[in-house]
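Here is a friendly briefing to read alongside the model. Please keep the viewer open as you go through the points.

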Amino acid sequence: MRNIIRLFLFVSLFACVPFSQANTGLEQQRLLYAQAKKAMDTGNPSVYLANKKKLHGYPLTPYLTMAELKLRLVKAHTDEVEAFLLEHGDLPQIRMFKLEWLRMLAKQGNWTVFVKHYSPELNLVELDCWFAQAQLQQGQQHAAFQIAEKLWLSSESRPNACDPIFEAWNKAGLRTADKVWARLALAVEARNYGLAKFLSKEHPNSAKAQLFIDVAQKPSLIKDKQNFAERNKENNAIVSIGLRRLFREEADNALELLTHYGKQLDFSNDEKAKVARDVGVILAKRFDPRALEVIRDWDPQLSDELVAQWNARLLLRIGKWNEAEQSISALPADLARTNRWRYWQIRSKQITRPLEPAPVSEFQSLAKERDFYGFMAADRSKSSYSLNNMPVNVPPKTLNKVRNSKAIQRAYELHALGDFAASQREWQHASRLFSQEELQAQAKLAIELDWFNPAIRTLAQAQYWDDLDIRFPLAYQANLVSAAQQQGIHPSWAYAITRQESAFMPTVRSHAGAMGLMQLMPGTAKETAKRYNIPLSSPQQALNPDTNIQLGTAYLNQMMKQFNGNRILATAAYNAGPGRVRQWLKNAEYLPYDVWIETIPFDETRQYVQNVLTYSVIYGEKLQTPTPLVEWHEQLFEE
């Protein structure tokens, strides 16, 4: 029945054209488009030009129009290019087309037209430099040099197109020694030593600049304290980076030098905050109490939000609840208002004031939120989880407007032709052009066609979080439920993992190489297939949704067995690996489960675990098999 509905929806896209055109005419246009595109790819526009009238009105024809115009862009009149941009500005490739045209205009010195069509949103340094050059040519020297300075002060090398404006800026006497040192510092921090060496020769004190580079590459050089005894900003910068990098190699020696140089030199607040972040936070993530002293000495005001949060987390981890409560109370207002720190403020009160009535009402208030901390608050106040499902309500007029937009029509047509990557690219690009209400309509159109991942992503772009039918679809239900049950794991957990890993995109590959719905690494897929006797003829087969689900649920079963049926630990292991989870479990046998989760050192894994547990609750409701956020036995850890 679902497939019939989808077919009806797709066919209805072309209901506005006569029946013969929607069949014979459309098929003929598809054939002509394929032939014209094949020829155009070789630089031959003749097939397109001969069939231009027949291809009129076909959704993908603008691709051919743009390709043909690009072939003769050097000779094309400005009016023609501007007319094309006006009519087809919604194409995903329009940015690259515009970049090519603007680059041509700059080389021709046609600054009037260049400035008319330039935009910083094009996000290309080469064009930014040309724009500055255009302003200089038009007599706007101050504005031109402001842009030049901003572009020059970078840790990266700049394209040759920037040389003229940089030379003019330098001749005006604006490239001072301080600015050279500032850019040198950026390059050294980014480990761009090629640029750093070039800049060191440009600085009046080239020896000191070279020492900066040497210390960055060999931080143990700061052990020779006499070389850095003089108080000046250069030594401050050199020693700061030396301390931070030495700490990763020789933590104890770095901490000893930290005390010495903290008294010897006069670091800026920014340099101190960097030390607190790079040394104090790393120590805190290792659950080392020495982090508290480093943070106190180097960022006493807790001005860095990351430092402030890890200061509080470490206090929770080592059981200093009174200090944790004070630290949380001192967080910036924006942070303190988040559900995360609202929860820990209430929780710390619960621990530090045992004789006072339990803060049930505060937990009940937080329990109205649909997230990890809201669900934890619900458990602590014995309240029901607040799912607050409110489906989007899009006016039919908006729905039709989005459905009939040129970008969406192209996405539909590309999908019909089997070019799913291009269809997805069109869909994503269209999202940038729509209002929030139109984005909601786009998400609704996607879910009607079972395009789960685009629907989820588009609704997130609309910042509409309350439609749980779109955000948490029961995709691949038969396969996921059956495979989960076969492996003895709860389907809601398998669903939550899949939702977090791929948002139900079966063909997705991560940069690390993980594949498919449940994002399995090739090695993991091969090993799991062998262990559980699951047919896997090649790594590519792991992209098959059915195979991927079988392998993923089997690996979840393996993680559950390794961690005594504890979803918290098994979920963390699925993301970060079982070895790291065992490392984080050291000395944690009496640690509250919520503290353990909050102090997971990897930001990605912490958020991953919180999301999966939260999604499990939601999917438990959708599957009509209610699932608690955390089972009672999962609150106890064993190493």
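Over the face of which residue does Arg 499 lie? Arg 499 lies over the face of Tyr 615, at 5.2 Å from the ring centre; a charge sits over a ring if NZ of Lys or CZ of Arg is within 6 Å of the ring centre and within 35 degrees of the ring normal. This is a predicted model, in which local features need pLDDT of at least 70 and side-chain atom pairs count only at pLDDT 80 or more, while totals for chains, interfaces and linings use all residues. Residues are numbered from 1 along each chain as its sequence is written, and side-chain values use heavy atoms, with hydrogens and water left out.

**Confidence**

- The chain has a mean pLDDT of 94, and 96% of its residues reach 70 or more; pLDDT is the predictor's confidence in each residue, from 0 to 100.
- Residues 1-22 stay under 50 in pLDDT. For this stretch the model has 21 contacts beyond four places in sequence, where contact means heavy atoms within 4.5 Å.

**Annotated domains**

- UniProt lists residues 401-468, in an unreviewed entry, as "domain: Lytic transglycosylase superhelical linker". That span is 74% helix and 0% strand, and its end C-alpha atoms lie 24 Å apart.
- For residues 482-591, the unreviewed UniProt entry gives "domain: Transglycosylase SLT". Here the chain is 58% helix and 0% strand, with 35 Å between the end C-alpha atoms.
- UniProt positions are given in the numbering used here, feature names are shortened, and annotations may be inferred rather than shown by experiment.
- Helices (H or I, at least four residues) and strands (E, at least two) are DSSP runs, numbered from the N terminus.

- Helix 15 (residues 251-264) has 14 residues and should span 20 Å at 1.5 Å a residue, which agrees with the 20 Å between its end C-alpha atoms. The expected span is 1.5 Å times one less than the number of residues.
- Ala 251, Ala 254, Leu 255, Leu 257, Leu 258 and Tyr 261 are the buried residues of helix 15. Buried means under 20% relative accessible area, exposed over 50%, and partly exposed in between (1.4 Å probe, protein chains only).
- The cover over these buried residues includes helix 14 (233-249), helix 16 (269-285) and helix 17 (290-298).
- Phe 247 belongs to helix 14 and counts as buried because its relative accessibility is 1%. Beyond its neighbours within four places in sequence, Phe 247 is in contact with residues including Ala 254, Leu 255, Ile 282 and Leu 283.
- From Phe 247 to Leu 102 there are 145 residues in sequence and 48 Å in space, C-alpha to C-alpha.

**Helix 18**

- Gln 309 sits in helix 18 (residues 305-317) and counts as buried because its relative accessibility is 14%.
- Leaving out residues up to four places away in sequence, Gln 309 touches Leu 331, Leu 335, Arg 340 and Trp 341.
- The charged end of Arg 317 sits over the ring of Phe 287, 3.7 Å from its centre.

**Aromatic pairs**

- There are 25 aromatic pairs in the structure. Rings of Phe, Tyr and Trp (its six-membered ring) pair if their centres lie within 6.5 Å; planes under 30 degrees apart count as stacked, over 60 as edge-to-face and the rest as tilted.
- One of the pairs is edge-to-face: Tyr 343 and Trp 344, at 5.0 Å centre to centre with 85° between the planes. Both residues are buried.
- Tyr 343 also forms a tilted pair with Tyr 373, at 5.9 Å centre to centre and 50° between the planes. This pair links distant parts of the chain, 30 residues apart, with Tyr 343 in helix 21 (residues 339-352) and Tyr 373 in helix 23 (residues 372-380).
- A cluster linked by ring pairs takes in Phe 452, Phe 472, Tyr 476, Tyr 495, Phe 504, Tyr 615 and Tyr 619.

- Ser 616 lies in helix 37 (residues 603-622) and is buried, at 0% relative accessibility. Among its contacts beyond four places in sequence are Ser 492, Trp 493 and Arg 567.
- Gln 624, in the segment after helix 37, has a positive phi near 60° although it is a residue other than glycine. Gln 624 counts as exposed because its relative accessibility is 72%.
- Ala 503, also not a glycine, has a positive phi of about 50°. Ala 503 is in the loop between helix 31 (491-502) and helix 32 (522-532), and counts as buried at 12% relative accessibility.
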